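The following exercises are to be worked through with the sequence and the model at hand. Each task is followed by its solution in steps.

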Amino acid sequence: MLAISTLGVGLLQAPASAESTSTTYGPDNPVLLESFYEPTPDGRAAAGLTAPTSLAPLAPSSVRRPPGSPGADGRAAECMSQPGVGSVEGRTHNRFLWCQSIFVGSKVYSVDRRVYVGQAVFAMNAVAYGRDDGNRTVEVFFRSEPGSLRILEGDRGELSNAIFQVFADCTSWLTGCSAGGASATNTFSGWNTDGSWHSWTVASSEFRGVGPDMVSRHDWALTIDAYSPGTPDAGGKALPSHRIRCDTAQVGFYKRPKACIMDDVIPHLQYSLQSPNYSEVSAHVHCAMTPGCQTWPGPRTDRVIPGRYTGNRNDPGLHRITEKFPVDASDNNRTYYSKNSAAKDQACATLPSYVLDRTTQQCDEFPFASTIEGAGKGDGNFSVLGVTSRHNSCAGNALARFYRDDRILVWQPGLSDEALDTYYVEITDVPTGSTDECLPPEDDPDEPNLPPTANAGPDTTGDEGFTIVLGGSVSDPDGNPPTAQWTYSPGPDSDPGMSCTFHDSRSANTTMECNDDGTVTVTLTAFDGVNAAVSDSAVVTVRNVDPRLRRLGVLAPSMAAATEDVEYGITSPQPWQVFRVGDPVPFKARFLDPGSNDTHSCAIEWDDGQTNTFDSYADRCEATHTFTHPGMYTIKPKITDDDGGLSPAASVMVIVYDPNAGFITQGGWLDSPAGALVDDPAAQDRLTVEFNPQYLPPEPGPALSGGKVAAALRGTGFDLTSTTLEWLVVTPDQKAAVKGTGTIGGAAGYGFVAYGLDKPDAVRLVVWPLSAGDYPQQTLVYDNRPGKSYDLDLSDPQPLGGGSVQVHQ
């Protein structure tokens with residue numbers, strides 16, 4: 001490997017177009033740090049990798065998994081010793097290993113003078129490992145090469161203390177890719193002595209992907225960023241990105257169901273013409289893929305046989321199948337493999353003895369029987385030839401190892417291009433002679449596969465519009481997670497339009513929500529890609545939920561989002577809103593029903609003996625009413641759904657006045673009960689009350705100027721004197737109420753409502769601080785009939801001990 005001192009002269013020189021200077025920079029000379037990366041001149045490693053030089057090959061049946069550190073793994077040393085490792089793209093050594101050894105650093109420019117100041121650069125090593133040990137992740141490692149730092153020009157101290165940061169991340173998170181691990185941060189001088197490995201995990205979501213194998217492709221990249229406190233940050237610079245492919249293979253990898261591999265290279269099987277173990281097969285395949293070469297049966301020279309490796313992904317390639325999967329549903333469910341074998345045998349039977357010596361040779365075919373492009377395809381584009389048994393066996397084992405080592409996924413009918421795993425064959429002249437290449441892989445892809453199991457969980461109950469938990473599960477005795485799929489079917493007791501949604505229909509343990517009540521049969525289906533799908537069902541009883549004029553509990557996420565900004569309840573009229581007799585009173589209410597498939601009717605009781613009933617539209621209950629007599633009216637809406645659900649009680653009280661209805665005069669006293677005076681609940685004494693409010697012509701109301709209200713409780717400081725009168729209500733049945741504001745002990749800020757009843761003479765007085773609202777609610781100062789309604793008809797005034805009440809009409 002090259003030491004850093006052997007670099008070409010151009011790499012560490014100042015840019016030819018920049019003015020070079022050794023001016024020291026600082027607060028008075030601000031600078032800009034700009035990250036950069038450079039390849040090595042010959043593509044070899046920038047510096048020696050501290051790792052064992054001896055290789056540690058995997059046992060044939062070992063799963064591929066990243067080591068704890070590349071420094072203890074011979075695979076990294078092997079990759080680092082190969083050409084291309086010093087390029088800006090790095091070297092994709094195989095589908096489970098990528099490595100890189102280049103230079104990274106920062107160039108420094110004066111912000112004010114915009115001239116080149118200097119640069120710092122060091123050698124970096126990076127390694128990325130794929131895996132097939134049941135995890136859809138790739139591990140990325142980074143380290144600096146100790147002693148490789150070079151500072152050219154500029155202030156060496158400032159450059160040494162500048163910060164250089166590295167991290168690995170997905171280029172897009174929208175594809176289900178994520179990256180974990182803290183940024184590796186150090187000063188340039190720190191990187192010159194660090195030498196430790198920093199790592200990140202690039203992960204692929206198990207719930208995203210294409211086809212039964214959930215194939216996902218993601219791009220990731222290392223990003224570098226240099227900066228110095230107090231100087232502008234030019235922003236990070238991403239190195240060239242790398243493509244990975246992750247899958248949850250349903251077929252062909254029973255012991256290795258999940259994996260992520262490097263996808264920057266085109267997978268291709270290499271057969272050598274110099275191999276003493278299978279050169280006859282190599283020669284046959286080479287001829288079959290070479291246009292114009294004579295192939296059999298025939299002989300013919302016009303066949304167009306796919307699979308030749310040229311470095312172009314768009315060339316016709318090959319696609320793997322297994323002996324047992326898939327089957328051709330249009331051909332009595334025969335496997336495509338058996339169709340290839342039958343067509344090959346038929347062709348081999350026609351070969352002359354000089355092409356196939358049946359006493360010493362076996363009949364070899366290309367494309368392979370383990371491809372969908374084999375002889376059984378029926379287009380005649382295949383070749384057969386006699387080869388010795390050992391060559392046929394060794395080549396077959398090499399193909400099986402290639403399927404495993406490069407994780408070639410199995411073709412299935414209907415797969416999209418994104419889910420296909422196309423491979424090619426390259427015939428080389430590179431000599432080989434190892435007997436290991438004849439060994440079969442130990443994890444035989446044709447081991448028996450048992451069907452999966454599905455359990456939909458117990459029958460359950462839930463409410464319409466709310467989340468209902470489904471306790472399903474799927475499993476496979478072969479350890480390969482099967483694909484799960486939920487479906488549902490409404491029962492006969494369900495209304496038309498009832499529908500349900502699953503939070504994740506492909507997750508066995510999920511939730512659902514329904515827009516109406518009724519019984520629903522949910523079915524969980526499991527499919528392992530090999531055996532027939534299996535299913536299990538459960539019954540979900542969905543209960544009706546009454547409509548409400550307020551929010552309900554914890555709604556399902558979809559409904560909660562839809563109602564987030566909606567104001568529910570009675571929105572018009574407002575409590576204690578004042579109207580004149582004969583003016584229309586608009587009523588508007590917005591209700592909530594989690595059963596979005598329900599229909600509703602509204603009934604509005606106007607408190608004057610009239611009720612309007614009508615079908616609602618959307619989630620609204622709206623009508624207009626005109627009151628013909630003055631009074632205090634409590635309006636009550638009732639919402640009923642088509643399943644008999646009734647909204648809980650709700651109401652709003654309005655004031656209807658008539659300036660021509662008359663007036664009231666009152667003078668007298670009553671025995672104030674204990675508890676009436678809130679601040680002195682033990683006070684019991686005589687309360688003197690007098691009021692004589694009336695509208696003076698031509699006052700239109702609702703405010704009035706005639707009369708006053710006054711009250712005092714003997715033995716206490718409670719003495720009310722009115723300052724304004726807001727409205728007066730005089731009813732046809734000789735009841736009256738007046739509302740206004742006043743003072744107590746000379747202090748303003750109090751509201752009051754005084755009620756009077758002519759026969760028998762009775763009075764009620766309610767006083768509250770205006771800081772608690774414009775009308776009486778929870779906080780009171782005085783009420784001689786506590787707990788009674790504020791509605792005039794239900795106010796229950798207290799009989800006078802002396803004096804009288806007269807309603808004049």
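**Exercise 1. Examine the side chain of Arg75 and its setting.**

Solution. A polar atom of the Arg75 side chain lies 3.2 Å from the backbone oxygen of Arg65. This is a polar contact, that is, a pair of N or O atoms within 3.5 Å; within protein, one must be able to donate a hydrogen and the other to accept it, and residues adjacent in sequence count only if both atoms are side-chain atoms. Arg75 belongs to helix H1 (residues 74-80). Helices (H or I, at least four residues) and strands (E, at least two) are DSSP runs, numbered from the N terminus. Arg75 counts as buried because its relative accessibility is 18%; buried means under 20% relative accessible area, exposed over 50%, and partly exposed in between (1.4 Å probe, protein chains only).

The model is predicted: local features need pLDDT of at least 70, side-chain atom pairs count only at pLDDT 80 or more, and totals for chains, interfaces and linings use all residues. Residues are numbered from 1 along each chain as its sequence is written, and side-chain values use heavy atoms, with hydrogens and water left out.

**Exercise 2. Determine which residues Asp264 touches, not counting residues up to four places away in sequence.**

Solution. Begin with the location: Asp264 sits in the loop between strand S14 (258-262) and strand S15 (268-272). With a relative accessible area of 34%, Asp264 is partly exposed. Its partners are Thr92, His242, Arg243 and Arg313, where contact means heavy atoms within 4.5 Å. At Arg243, the backbone nitrogen is reached by the Asp264 side chain at 2.9 Å.

**Exercise 3. Describe the packing of helix H4 (residues 279-289) against helix H6 (residues 389-405).**

Solution. The axes of H4 and H6 are 7 Å apart and meet at an angle of about 75 degrees. Axes are lines fitted to C-alpha atoms, for helices over the stretch in contact, and angles run from 0 to 180 degrees between N-to-C directions. H4 is therefore roughly perpendicular to H6, a class that covers 65 to 115 degrees. Next, identify the residues: Ser279, Glu280 and Val281 in H4 meet His391, Asn392 and Ala395 in H6.

**Exercise 4. In what order do the four strands of the open sheet with mixed pairing run, and which stand at the edges?**

Solution. The order is S22-S29-S28-S25. From one strand to the next, the twist averages 30 degrees. Two strands pair if DSSP finds at least two bridges between them. S22 pairs with strand S29 (residues 534-543) in the parallel sense over four bridges, and Thr461 stands opposite Thr541 in S29. Strand S28 (residues 518-527) pairs with S29 in the antiparallel sense over nine bridges; here Val522 stands opposite Ala538 in S29.

Key
Angles under 35 degrees count as roughly parallel, over 145 as roughly antiparallel, 65 to 115 as roughly perpendicular and the rest as oblique.
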